[in-house]
Amino acid sequence: MGYSCSVEKNTNMSRFYHNLTSHYNIYFNGIESYLHGMESITKSHRDDYTTIMSLFEYSNPDAISSASSDMDRAIQKAGKLIHLHSITAKPERKNNQPLSEKEKEMFSRNDYNDWVDDSYLLMGKAQIMKHDFSGARITFLHNIRESHDPVIKAESTIWLARAIAEAGDYYESMRLLTEMETGPLSKKLLSEFYLTRADIYMKQRKYNEAIPPLSSALENMTGKSPKNRQTYILARLYEETDRSADAGNYYKEVLKLNPPYELEFNAKINQAGVFDVSTGNSDEISRELNKLLKDAKNKEYHDLIYYALGNLSMREGNIEEAIDYMRKSASASTTNTNQKGKSYLVLADHFFNKYDYRISQVYYDSAVIFLDNKYPGYNEFYERSLNLNELSVNLNVIDREDSLQYVASLPEAKRESLINEIIRQIEEEERARETQTDDRYNMGEFYENQRRFRDNIDASGKWYFYNQAALTFGRSEFRNRWGQRKLEDNWRRSNKSTMNFDTESIDNLQDPSDSTATTLDNKSPEFYRNDLPLTDSLINISNDKIAGALFNASKIFADRIKDPVKANETYNSLIERFPDHDLIPPALYNLHNLNIDINRSLAEIHKNRLITRFPETEYAMILSDPDYFQSMIKKSEREEFIYNSAYTAWENEDYELTISICDSALEQFPEGKLTARFMLLRTYALAKNIDERSLKAELNKIVRLFPDTDESRRAEELIAWLNKKVPELKIEEQKEIARKIYSASSEGQHSFVLIIKNRDLDINRLTFDVINFNIDNFTNENYSTKGELVDDLYLMITVGTFENSETATGYYHMFDPKAILSNTDNSEVIAFIISDDNLKIFITEKDSEKYHLFFLENYLMKK
């Protein structure tokens, strides 16, 4: 290329050369790469027909990966053209005559290669396809500022608005479009302009506002291929905004455009969904859907067809039929998890509106798992699912404890007969499942079957363990269907959202106090005898659980489910069943507040009952004295002010003043909300002037008086630090506790105990070592030797029984763990003897070091 064609010289020849080379060489290759990439996006993109589809396929981040290399090449070609062929030099003026308008326009240009601004436009579009929205924004802004072509400027502005909208700034993107001049735009650009406006509204879920610009886009659009998809989206917008007649008309338009089969199929399905059963004959629609169902090529779409039939039945008032279709839809979904979730959501909403909260809870749980967290309204039904889960936990506690109490009250023979009947029914259920050929799993239907099973049992006598059996079946069924897996975030989907369950949380749906339910066989009678409240003290514990669950369920009904009828009913059940329980005052207070706006006379009744029966409670004082609440707020504010003063004194290292303020506050507010904080701050101030033993005593007082608080946890941390710094303190404390819980009597039968602090050693090998020692040295004695892993903490071997402590002590002195036990890997081994009564306490305590100190002090040192 000679100097005459250099970009440094602006002549007719140079401009012709660089325009020609740019257009038919570099730009051509760049635009081909871009178009090929767009084709790849279209081929790889899969529309989700369960939601309102995006107007632009490139909005889906999963679809763009297939086009990444093509878009990189397009950007590279555009950049090469700009770098090699941009002409920024001004043309030479031949004379000093005034310039014509055409010449003025010529000299005002920033670049004289007509394909440079096209290249910037191409580069920006390719950056959007790669989701580099900030890069695209810079590119388009530059092009709008530098280009001399009004069409390129307009198109760059439209694409700039798209880049900004994709980044989430809808206000700015809409402002750009609003300020554009649309008069000179071609039909193609007008279509792009209106599509962009519609897209911005749709991204904000302003579907009503999106309809006019999308309609205008279609009016200016040419060609069937893009038009059929956009027409379908317009129909969905009409459907979403409850304009069924318009939606139906546009679904018909889609079918006239000869769309791809999947689009045609969904248009037919949705056409059935918006059919007005009050004005037309639905039989024809139903026949068409059933015809689709029988067509072999629609097998993968059975979930959608059943869903459409369910919606049609629901609108016709055939509720049972609709429920059946929705269940079939959920069962038929294998790959379309969103459709499965939609079917579950319809069922969940139906049962919720019927006040059947337990069944709706199961369906909401399934909807949460299967629907993407970007699904419209996801946060709302996710929160509802959480609320219903908590409600179900409390209702299950009530059922469980009522059932346990009922069975405990039965004569033993009748109780055993009932247990045997339950086991028989479980075995029948298992045999039926073994012969089941349909492997599709419907948790909601399973739950309802289990509930019918419970109802059948309730008819012959109330019993809850069906639910334990159901829970056991649920876990085993889960593992059969899905394998042994950790219940991590939405394990059923590759596109995981935000659910988080672990195996422990599932198992803990059983009563937390039940330590054996996870290991006992649900076909064993002991499984059902476990936890029966057969004594007065156990009945009291059970009643406390019921009362607490009734109170919690009432609050959930009132505050979260927004069902005042059920809230009133459950609160009243609590009051009737446990009239003297500590929860009655807050229950009456809550009943007053619940009814104050819906039944004032009933609210007054609850208020009077509260004030009459429990006048000294804070709840009664709040309702009887309008100023009480304000005075309590002032008291709280004063307490806070005094604490801040004490804390400031401590920060200034004025410890005497800190102690003085804290002492005064503890006297003024002995049961204040900041009492624990005052005590901890006082202890901090004392720490400078007292020894470690006294400091630990003060900290222990906080732990004892205020368990499970931030202050007690901080005190425990400091105690742990003191124990590490001064080990004698811990030993003294352990000795003192041991003296209180263990008996110092050496009379009666004893056992010898070995504690090996390494859970990974072979307990069987170690137990055989002890047995061999006994055979070699105590041939005539019939000592029992037992080895076990204790709570996954340590190994414990017990030898006994010895008639008295002297005999046990003799055995202790003969036993040398280092010589007798093989392969202990230098693990710590503790040996001691223990009386039968103390052994029962030790098995509960499980603190070997504490008892060992007691043993040394009361057996060896005394000797």
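I note at the outset that the model is predicted.

**Entry 1. Helix α1.** I next checked the span of α1, which covers residues 12–44. At 1.5 Å a residue, its 33 residues should span 48 Å, and I find the end C-alpha atoms 46 Å apart, so the two values agree.

**Entry 2. The chain as a whole.** I counted 39 helices and four strands. Of the 863 residues in the chain, 47% are buried.

**Entry 3. Nonpolar cores.** Which residues touch the most other members of the largest nonpolar core? I find that they are Tyr-34, Ile-128 and Leu-237, in a core of 71 residues. Helix α6 (residues 150–166) contributes the largest share of this core, with nine residues. In soluble globular proteins, nonpolar side chains tend to be buried together.

I returned to Tyr-34 and listed its contacts, leaving out residues up to four places away in sequence. Tyr-34 touches Met-71, Ala-74, Leu-122, Lys-125, Ala-126, Met-129 and Trp-159.

**Entry 4. Strand β1.** Is strand β1 (residues 750–756) mostly covered or mostly open? I find it mostly covered, with seven of its seven residues buried. In a regular strand the side chains alternate between the two faces of the sheet. I traced the directions in β1 and found His-750, Phe-752, Leu-754 and Ile-756 pointing one way. Ser-751, Val-753 and Ile-755 point the other way, and the residues of both sets are buried.

**Entry 5. Partners of β1.** I looked up the strands that pair with β1. Strand β3 (residues 794–802) pairs with β1 in the antiparallel sense over six bridges. Within β3, I identified Phe-802 as the bridge partner of His-750. Strand β4 (residues 829–835) also pairs with β1 in the antiparallel sense, over seven bridges. There I found Ala-831 of β4 opposite Leu-754.

Note on methods: Residues are numbered from 1 along each chain as its sequence is written. This is a predicted model: local features need pLDDT of at least 70, side-chain atom pairs count only at pLDDT 80 or more; totals for chains, interfaces and linings use all residues. Side-chain values use heavy atoms; hydrogens and water are left out. A nonpolar core is a set of buried Ala, Val, Leu, Ile, Met, Phe, Trp, Tyr and Cys residues joined through side-chain atoms within 4.5 Å. Buried means under 20% relative accessible area, exposed over 50%, partly exposed in between (1.4 Å probe, protein chains only). Helices (H or I, at least four residues) and strands (E, at least two) are DSSP runs, numbered from the N terminus. Contact means heavy atoms within 4.5 Å. The expected span of a helix is 1.5 Å times one less than its number of residues. Two strands pair if DSSP finds at least two bridges between them.
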